[in-house]
Amino acid sequence: MKKKSIIASAVAATALVVLAAAIPSDTVITKDAGATIVNTTELTKNIRGYKSATPVKITIQKNRVVKIEALKNRETPQYFAKAKAVLNSFEGKTVTKAAKMDVDAVTGATLSSKALVENVRTGLKYYKDHK
């Protein structure tokens with residue numbers, strides 16, 4: 001009888017491990033010290049600036065955008081530095097208001113700044129749908 005219990009326990013444990021491995025982990029949203037962080041790297045691979053994808057990390061606290069950081073990309077540094085100015089437009093706004101904002105592109109870095117804005121919008125929509 002003990003042998004059957006041990007085998008049944010082993011089978012159940014193996015099934016749990018297999019099920020846990022089959023459930024995808026969310027690499028887009030993480031929590032840190034009361035804030036929610038949305039990383040658009042995997043979410044927005046097809047949103048490109050002049051040369052590459054332009055992922056961002058959005059920090060949200062109490063349903064407000066606290067901070068947005070541009071993540072690693074292959075854009076031209078001098079132009080991308082200009083484009084990052086659009087990110088400041090979203091900070092301090094509620095998630096709903098920030099997601100609806102009409103932000104102008106930066107002259108001289110139009111493609112990169114438009115891609116950053118689209119990354120932010122996509123990240124905020126994902127947050128609203130999965131928070």
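**Reading a predicted model, feature by feature**

Me: Asp129 has a relative accessible area of 48%, and I see that it is called partly exposed. Why is Asp129 partly exposed rather than exposed?

Reply: Good place to begin, and keep in mind that this is a predicted model. A residue is called buried under 20% relative accessible area and exposed over 50%, with partly exposed in between. Asp129 is at 48%, so it counts as partly exposed.

Me: Which residue meets the side chain of Asp129 in a salt bridge?

Reply: The general idea is that side chains of opposite charge can pair when their charged atoms come close. Here the partner is Lys125, with 2.8 Å from N to O. Lys125 has a relative accessible area of 51%, so it is exposed.

Me: Where do Lys125 and Asp129 lie?

Reply: Both are in helix H4, which covers residues 110-130. They are 4 residues apart, about one turn of the helix.

Me: How many salt bridges does a search of the whole structure find?

Reply: The search finds 4. One of the pairs is Glu42 with Lys45, whose closest N and O atoms are 3.0 Å apart. Glu42 is partly exposed at 48%, and Lys45 is also partly exposed, at 49%.

Me: Which residues are linked in a network of salt bridges?

Reply: Look for Lys57, Lys67 and Glu69. Within that group, the side chains of Glu69 and Lys67 meet at 3.7 Å, N to O. Glu69 has 27% relative accessibility and counts as partly exposed, as does Lys67 at 40%.

Me: What stands opposite Lys57?

Reply: Glu69, in strand E4, stands opposite Lys57. To picture the setting, follow strand E3 (residues 56-61) and strand E4 (residues 64-70). These strands run antiparallel and are joined by 6 bridges.

Me: What do E3 and E4 form, and how many residues are between them?

Reply: They form a hairpin with 2 residues between the strands. Lys62 lies in the loop between E3 and E4, and Asn63 lies in that loop too.

Me: Is Lys62 buried or exposed?

Reply: Lys62 has 80% relative accessibility, so it counts as exposed. Asn63 is partly exposed, with a relative accessible area of 30%.

Me: Which residues does Val86 touch, not counting residues up to four places away in sequence?

Reply: Val86 touches Val103, Asp104, Val106, Ser113, Leu116 and Val117. Take Asp104 from that list: it is 18 residues from Val86 along the chain, and their C-alpha atoms are separated by 7.7 Å.

Definitions and conventions
Residues are numbered from 1 along each chain as its sequence is written. This is a predicted model: local features need pLDDT of at least 70, side-chain atom pairs count only at pLDDT 80 or more; totals for chains, interfaces and linings use all residues. Side-chain values use heavy atoms; hydrogens and water are left out. Two strands pair if DSSP finds at least two bridges between them. Buried means under 20% relative accessible area, exposed over 50%, partly exposed in between (1.4 Å probe, protein chains only). Contact means heavy atoms within 4.5 Å.
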